[in-house]
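Reader: I have a model to go through and want each label tied to its cut-off. Take my questions one at a time.
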Amino acid sequence: KSLCIMAQPIQTNVGKAHAHDNVEYLYMSLKTLYKRHFLPLEEHYSYGDFFSPPLQDNDIEAKPFVLLIGQYSVGKTSFINHLLGDKAEGYPGSNVGPEPTTDRFMAIMHGTEERVLPGNAVAVSPGKPFRGLQSFGNAFLQKFHCAEMNADILQSMTLIDTPGVLSGEKQRIGRNYDMSAVSKWFAERSDLILLLFDAHKLDISDELKTVIETLRGNDDKIRIVLNKADQVTPQQLMRVYGALMWSLGKVFKTPEVTRVYISSFWDKPYQEAGSPNKLLFDKEKHDLFRDLRDIPKNAAVRRVNEMVKRARTAKVHALVCACLRKMMPSMFGKEKKQKELLAALHIIFQAVAQEHNISPGDFPDVDDYRTKLANWCGSGRTLANLPKLNRELIKKLDACLSNEVPNLLAPLAIGSQQGAVEERMVTPGPAQSPAFAFGAPGNEQATAATMEEIMAALNTNDDCEPYSRPGTAAPPPPPGGGGGGGGGGGYGCSRRVRASQSRGAECAAFGVGHSGDVGLEDASGPGGVCA
C-alpha cells in the first residue's frame, strides 16, 4: 500500500540524463549569479539584518521542502507516515496520539539507514541546508531534529513536521524560541505549505493566527487540508467546510479562495459516518498527491522564481536606505528627523516607487520594516549611517535580472512556455500593498513627509557613492543621473511627481536647509493633498 508520489519518469534514459544535467547546470549557474551579482548588494546594505541571512550553496541546490503546520492532534505526523508508506513504527522519532506528541521540528530526509540526528549537528553539517537555523540559537536547536530513512518520496523532497500550535497563552509563553519566526524561515524555503485542520478543531488560536500571518508573501505555496473529514456526516461536513472558510477569511484577508483538500489522510478505512463521501475523499486525496508529484518537476523553476523575488526585495531595500540617508541632516537634529522619517515611512515608499518605477507589490510591510529600522538604529546608529546609493551594484543586478536569469530557463526545454514563466517571475505585484497603508487611526498628528521634499532629495547625486573594485577607477556617472534636469537613464530624477491623496489628513513638509537645520512648515492643501 505504499504511496509512490515521485515525479513521473522521462520516457528514455537519454532524456532523463539530459533533464538531470540541465537542472544541475541551472543550480550551478544560480549559485554563480548569486555570488557575483546578488550577494555584493545584500552585504553592502546589510540585507541579512532586515530580512533573511545570505544564502549558502546548500540552500540553492537543496531538495524541495514540504512544510506541515497545524494545531496539535490534527494528523500531521499521521499524514507524513501515510506518505512514507504507512510503516507501523512511522518515521524515526515520530509519536502519534490524541495529545500534543510532536514537541519539536523534525526534518524527514532520505538516508540509507534509519537514524535521528540532533539539531546542533544538523545545523553545522555541510551537506544539509539548515545552516541558517543557527541564528535562532541553542534554545531552538535543542527542539530541532533530522530523521533519516529510506523512502521513495524522500528521494525527491524533504518533509518538515512541526510541533502542534498551542491555543493557550500560558503554553505559548512556555516556548523558549519564536515559533512564528522559525515557521517563517521554513516557509520561505518551502515549495509547498500544508496547513492542516481537524474536522473537530476549526478554531484558529492566537498563536496559529500569528504563524499564518508570518506566511504572507508565500500565498502561492499554501494549501489547506481538512483532515479526518470521514468522522462527520455529509450534512455536518457541509457546515464544517463553511465554518472553516469563514475562519480562514478573517485571517488571510485576501479576495482569492485558498484551495482546500477534504479527506482522511491515513491508512485506515473511512468511518461509517463519512462513507457516503468516499468518492469525494478519494478524488481530493488524488488531487493533493498530484500536487506533491509536481513539486520535483517544478523545483528548478521555483528556485529561479524565489531568487528573482529575493533580488527585487534587495533592490527595494537598497533604494529605500539611500533615500532615508539623503533625508537625514548632516549635523544637527538627527534624532528628531529620524523619528519623523520613521513615522512617514509609507510616503518614503511611495516616493521611491514613483521615482524608480517600482511596483508597490515589491515593497515589504511598512510596519515590519519600520520596526526593523528602529532595531537597526538601536545600537548607537542612525539613519545617517545607512549606505549611500551604489548605482553600480544596482545596475549589475538589473542587468542580471534582465539578461542572465531568463537565459537560465532555456536549458529546461520549456519552449513556448518560457515567456509565460518569465512573466510570472517578473510581473509586478498587485497595485495595492500593505506597504502603502496609512497609519492607524489616532496618529493624525504624526509628522509625514511630502512627496515633493523627498523627490527633491532624490533629485541630487551628491549622496551617491561610486563603486569600483580595488585598484580600478570609479565608473563615470550614468547619463541623466545628476541634478534635476535632463532625461534618460541612471537613477537620478528627471521629473516631478504630484503628491498622493492622504485620506483627507493634513500633512507637514520636511525642510532641510543647506546647513542641515530641520524645520517644519505647514503644507496642507485642499482635500488633504500634500502640495
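Reader: Where is Asn277 found?
Author: Asn277 is in the loop between β8 and α11. Helices are DSSP runs of H or I with at least four residues, strands are runs of E with at least two, and both are numbered from the N terminus. Residues are numbered from 1 along each chain as its sequence is written. This is a predicted model, where local features need pLDDT of at least 70, side-chain atom pairs count only at pLDDT 80 or more, and totals for chains, interfaces and linings use all residues; side-chain values use heavy atoms, with hydrogens and water left out.

Reader: Why does Asn277 count as buried?
Author: Its relative accessibility is 13%. Buried means under 20% relative accessible area, exposed means over 50%, and partly exposed lies in between (1.4 Å probe, protein chains only). Asn277 therefore counts as buried.

Reader: What is Asn277 in contact with, leaving aside its neighbours within four places in sequence?
Author: Pro234 and Leu237. Contact means heavy atoms within 4.5 Å.

Reader: Lys228 also sits in a loop, between β7 and α10. What makes Lys228 buried or exposed?
Author: Its relative accessible area is 19%, so Lys228 is buried. Its phi is near 60°, a positive value in a residue other than glycine.

Reader: How is Ser46 classed, buried or partly exposed?
Author: Partly exposed, because its relative accessible area is 24%. Ser46 lies in the loop between α1 (13-44) and α2 (47-50). Its phi is positive too, near 50°, and Ser46 is not glycine.

Reader: What puts Lys388 in its accessibility class?
Author: A relative accessible area of 27% makes Lys388 partly exposed. Lys388 belongs to the loop between α14 (366-376) and α15 (391-408).

Reader: What joins β7 to β6?
Author: 6 bridges, with the two strands running parallel. Two strands pair if DSSP finds at least two bridges between them. Leu194 has Arg223 in β7 as its bridge partner. The chain goes from β6 through helix α9 (residues 206-214) to β7, and this β-α-β crossover is right-handed.

Reader: What makes a crossover right-handed?
Author: View it with the strands pointing away from you; the path from the first strand over the helix to the second then runs clockwise. β7, helix α10 (residues 234-252) and β8 also make a right-handed β-α-β unit.

Reader: How many bridges pair β7 with β8?
Author: 3, in the parallel sense. Leu226 stands opposite Ile262 in β8.

Reader: In what order do the strands of the open sheet come?
Author: The order is β3-β4-β2-β5-β1-β6-β7-β8, 8 strands with mixed pairing. β3 (115-118) and β8 (260-262) are the edge strands, because each pairs on one side only. Inside the sheet, β1 (residues 65-70) and β6 (residues 192-198) pair in the parallel sense over 5 bridges. There Ile69 has Leu195 in β6 as its bridge partner.

Reader: Why are α4 and α11 called roughly perpendicular?
Author: Helix α4 (residues 76-83) and helix α11 (residues 278-327) pack at about 75°, with axes 13 Å apart. Axes are lines fitted to C-alpha atoms, for helices over the stretch in contact, and angles run from 0 to 180 degrees between N-to-C directions. Under 35 degrees counts as roughly parallel, over 145 as roughly antiparallel, 65 to 115 as roughly perpendicular, and the rest as oblique. α4 and α11 are therefore roughly perpendicular.

Reader: Which residues of α4 and α11 meet?
Author: Phe79, His82 and Leu83 in α4 meet Lys285, Leu288, Phe289 and Leu292 in α11. They divide into 5 nonpolar, 1 polar and 1 charged. Ala, Val, Leu, Ile, Met, Phe, Trp, Tyr, Cys and Pro count as nonpolar; Asp, Glu, Lys and Arg count as charged; the others, Gly among them, count as polar.

Reader: What makes helix α8 (residues 179-189) mostly covered?
Author: 8 of its 11 residues are buried. Among them are Trp185, Phe186 and Arg189.
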